[in-house]
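Welcome! Here is a short tour for anyone meeting this structure for the first time. Take a moment to look it over before reading on.

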Amino acid sequence: MNIQEQTACGVEQEIESWREKLLSIAPDAAHEKPADDRWSISEVIGHLVDSACNNHQRFVRAQHGSALVFPKYDQSHWVIAANYQAYDWASLVELWYQYNRVISVLMRRIPDDRMSTACTIEPYATCSLEFLVTDYLDHLRHHLEKLNARMVAP
């Protein structure tokens, strides 16, 4: 099993295990901010939608050409611009779930010989497409672990 398949399986496992957990959260609780400077659960899930959106483009574009140069995205600006606080909670969870299904399909379709494509997300150092693919799952897990800690906290 190649790294694309392994990572896609990991994404699918996470979204399958989290979909119902997220839907079990009351909308008011999902939109509640723990502090003025911290994201609500809906903003975290919205950020993960934004991550899927940006990485969707990276994964596709890196397969065409010798290298990828892509701008960094200001995650706070994206979350504010989208106003995830106003989204219907169940619809936002479904968007997150379905977009990650798209990401898992994209990952599986990346040819092995493209995984070494040089990718620069400005202003960071150049990395490989393989790093971006595996980092996507790490990033997803990072945020879900933080949500899990918030959900079980007293």
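Is C9 buried, partly exposed or exposed? With a relative accessible area of 22%, C9 is partly exposed, because buried requires a value under 20%. Please keep in mind that this is a predicted model.

**Overall fold**

- The protein has six helices and three strands.
- Followed along the sequence, these elements come in the order α-α-α-β-α-α-β-β-α.
- The radius of gyration is 16 Å, close to the 15 Å that the globule rule gives for 154 residues, so the protein is as compact as a globular protein of that length.
- Along its principal axes, the C-alpha trace spans about 45 × 30 × 25 Å.
- Of the 154 residues, 42% count as buried.
- Among the contacts with a separation of 6 or more, 78% are between residues 24 or more positions apart.

**Cysteines**

- How many disulfides does the structure hold? The count is zero.
- A disulfide would need the two sulfur atoms within 2.5 Å.
- C119 is buried, with a relative accessible area of 0%, while C9 is partly exposed at 22%.

- E14 sits in helix α1, which covers residues 3–23.
- Is E14 buried or exposed? E14 counts as buried because its relative accessible area is 16%, and the cut-off for buried is under 20%.
- Setting aside neighbours within four places in sequence, E14 is in contact with W96, L137, L140, R141 and L144.
- One of these partners, L137, belongs to helix α6.
- L137 is buried too, at 7% relative accessibility.
- Which residues does L137 touch, not counting those up to four places away in sequence? They are T7, G10, V11 and E14.
- L137 and E12 are 125 residues apart along the chain, and their C-alpha atoms are separated by 9.8 Å.
- E14 and A86, by comparison, are 72 residues apart in sequence and 25 Å apart in space, C-alpha to C-alpha.

**Backbone details worth a look**

- Most residues other than glycine have a negative phi, and most peptide bonds are trans.
- The peptide bond from E122 to P123 is cis, with omega near 5°.
- Where is P123? P123 lies in the loop between β2 (118–122) and β3 (127–128).
- N83 is not a glycine, yet its phi has a positive value, near 55°.
- N83 is also in a loop, the one between α4 (75–82) and α5 (89–109).
- N83 is partly exposed, with a relative accessible area of 41%.

**The largest pocket**

- Rolling a probe the size of a water molecule over the atoms shows where empty space is left.
- The largest pocket has a volume of about 430 Å³.
- Its lining is made up of 16 residues, and those nearest its centre are R58, Y73, I121, Y124 and D135.
- Which elements give two or more residues to this lining? They are α3 (41–61) and α6 (129–152).
- Of these, α6 gives the most to the lining, with five residues.
- By class, the lining of the largest pocket has eight nonpolar, five polar and three charged residues.

**The second largest pocket**

- The second largest pocket holds about 180 Å³ of space.
- Which residues line the second largest pocket? The lining consists of D37, R38, W39, V44, H143, K146, L147 and R150.
- Here again α6 gives the most, this time with four residues.
- The lining of the second largest pocket divides into three nonpolar, one polar and four charged residues.

**To take away**

Methods: Residues are numbered from 1 along each chain as its sequence is written. This is a predicted model: local features need pLDDT of at least 70, side-chain atom pairs count only at pLDDT 80 or more; totals for chains, interfaces and linings use all residues. Side-chain values use heavy atoms; hydrogens and water are left out. On a 1 Å grid over the protein atoms alone, a cavity is a set of points where a 1.4 Å probe fits but cannot get out, and a pocket is an open set with protein on both sides within 12 Å along at least five of seven lines; lining residues have an atom within 4 Å of a point. Grid points are joined across faces, edges and corners, and a volume is the space filled by probe spheres set on the points. Ala, Val, Leu, Ile, Met, Phe, Trp, Tyr, Cys and Pro count as nonpolar, Asp, Glu, Lys and Arg as charged, and the others, Gly among them, as polar. Buried means under 20% relative accessible area, exposed over 50%, partly exposed in between (1.4 Å probe, protein chains only). The radius of gyration is taken over C-alpha atoms; the globule rule is 2.2 Å times the number of residues to the power 0.38. Contact means heavy atoms within 4.5 Å.
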